[in-house]
Amino acid sequence: MDFVAILSNLLENAINGCAECGSGGEIRVKIRTVADKTVIVCSNPCRQDIAIENNMIKNRGIGIASMLSAIRKYDGDIKYSVEEGVLAACILLNS
């Protein structure tokens, strides 16, 4: 259930991000297991004014709070970055 909550929130945020910047751009999701950890990376085009502070989106909503709650259950972490108009979220979950 937690995995579904994380993935659905990531995808919803990515779709909204594409819509907000007027991009028909590509949303990419990569999921893999590395050394007993699950790694999820989701990237999408974003607005130019997205602010990242301490690896987190500065102005975040309920969806990100929900993901953080699920991520903490697995002693995991999330980091956001923006490069050349593309927002990337990287989630690490301890299995």
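Predicted model: local features only at pLDDT ≥ 70, side-chain atom pairs only at ≥ 80, totals over all residues.
Close-up 1. Leu68 touches Met56, Arg60 and Ile78, leaving aside residues up to four places away in sequence. Leu68 belongs to helix H2. With a relative accessible area of 14%, Leu68 falls under the 20% cut-off and is therefore buried. The C-alpha atom of Leu68 is separated by 8.4 Å from that of Ile6, a residue 62 places away along the chain.

**Close-up 2. Helix H2 and its buried side.** Helix H2 runs over residues 62–73, 12 residues in total. From the first C-alpha to the last, H2 reaches 17 Å, close to the 16 Å expected at 1.5 Å a residue. Its buried residues are Gly63, Ile64, Met67, Leu68, Ala70 and Ile71. These residues lie on the same side of H2, because they cover an arc of only 170° around the axis. The cover over the buried residues of H2 includes helix H1 and the strands E4 (56–57), E5 (77–83) and E6 (86–94). On the face of H2 turned away from the buried side are the exposed residues Ile62, Arg72 and Lys73. Just after H2, Asp75 takes a positive phi of about 50°.

**Close-up 3. The salt bridge between Lys73 and Asp2.** The closest N and O atoms of Lys73 and Asp2 are 3.3 Å apart. Lys73 lies in helix H2 and Asp2 in helix H1, so this pair ties together parts that are 71 residues apart in sequence. The structure holds five salt bridges.

**Close-up 4. A salt-bridge network of Glu20, Arg47 and Asp49.** Glu20 lies in helix H1, while Arg47 is in the loop between E2 and strand E3 (52–53), so the pair ties together parts that are 27 residues apart in sequence. Arg47 counts as partly exposed, at 31% relative accessibility. Asp49 is linked with Glu20 and Arg47 in the network.

**Close-up 5. The salt bridge between Lys58 and Glu53.** The closest N and O atoms of Lys58 and Glu53 are 3.8 Å apart. Lys58 is partly exposed, with a relative accessible area of 48%. Glu53 is also partly exposed, and its relative accessible area is 44%.

**Close-up 6. Asn44 in strand E2.** Strand E2 covers residues 37–45 and contains Asn44. Asn44 counts as buried because its relative accessibility is 4%, and the cut-off for this class is under 20%. Not counting residues up to four places away in sequence, Asn44 touches Ala14, Gly17, Cys18, Glu26, Ile27, Gly85, Val86 and Leu87.

**Close-up 7. A nonpolar patch on the surface.** The patch is formed by Phe3, Leu11, Ile15, Ile27, Val29 and Ile31, which together have about 460 Å² of accessible area. Helix H1 (2–20) and strand E1 (28–34) are the elements that give two or more residues to the patch. H1 supplies the largest share, three residues. Ile31, one of the patch residues, is placed in strand E1. Ile31 is partly exposed, with a relative accessible area of 44%.

Note on methods: Residues numbered from 1 in each chain as written. Heavy atoms only, no water. Helix = DSSP H or I, 4+ residues; strand = E, 2+ residues; numbered from the N terminus. Buried < 20%, exposed > 50% of the residue type's maximum accessible area, 1.4 Å probe, protein only. Contact = heavy atoms within 4.5 Å. Patch = residues over 30% accessible without salt bridge, like charges linked within 9 Å, V, L, I, M, F, W, Y side chains within 5 Å. Areas by Shrake-Rupley, 256 points an atom, 1.4 Å probe, with all protein chains shown as cover. Salt bridge = Lys/Arg side-chain N within 4 Å of Asp/Glu carboxyl O. Expected span 1.5 Å × (residues − 1). Arc of directions from axis to C-beta.
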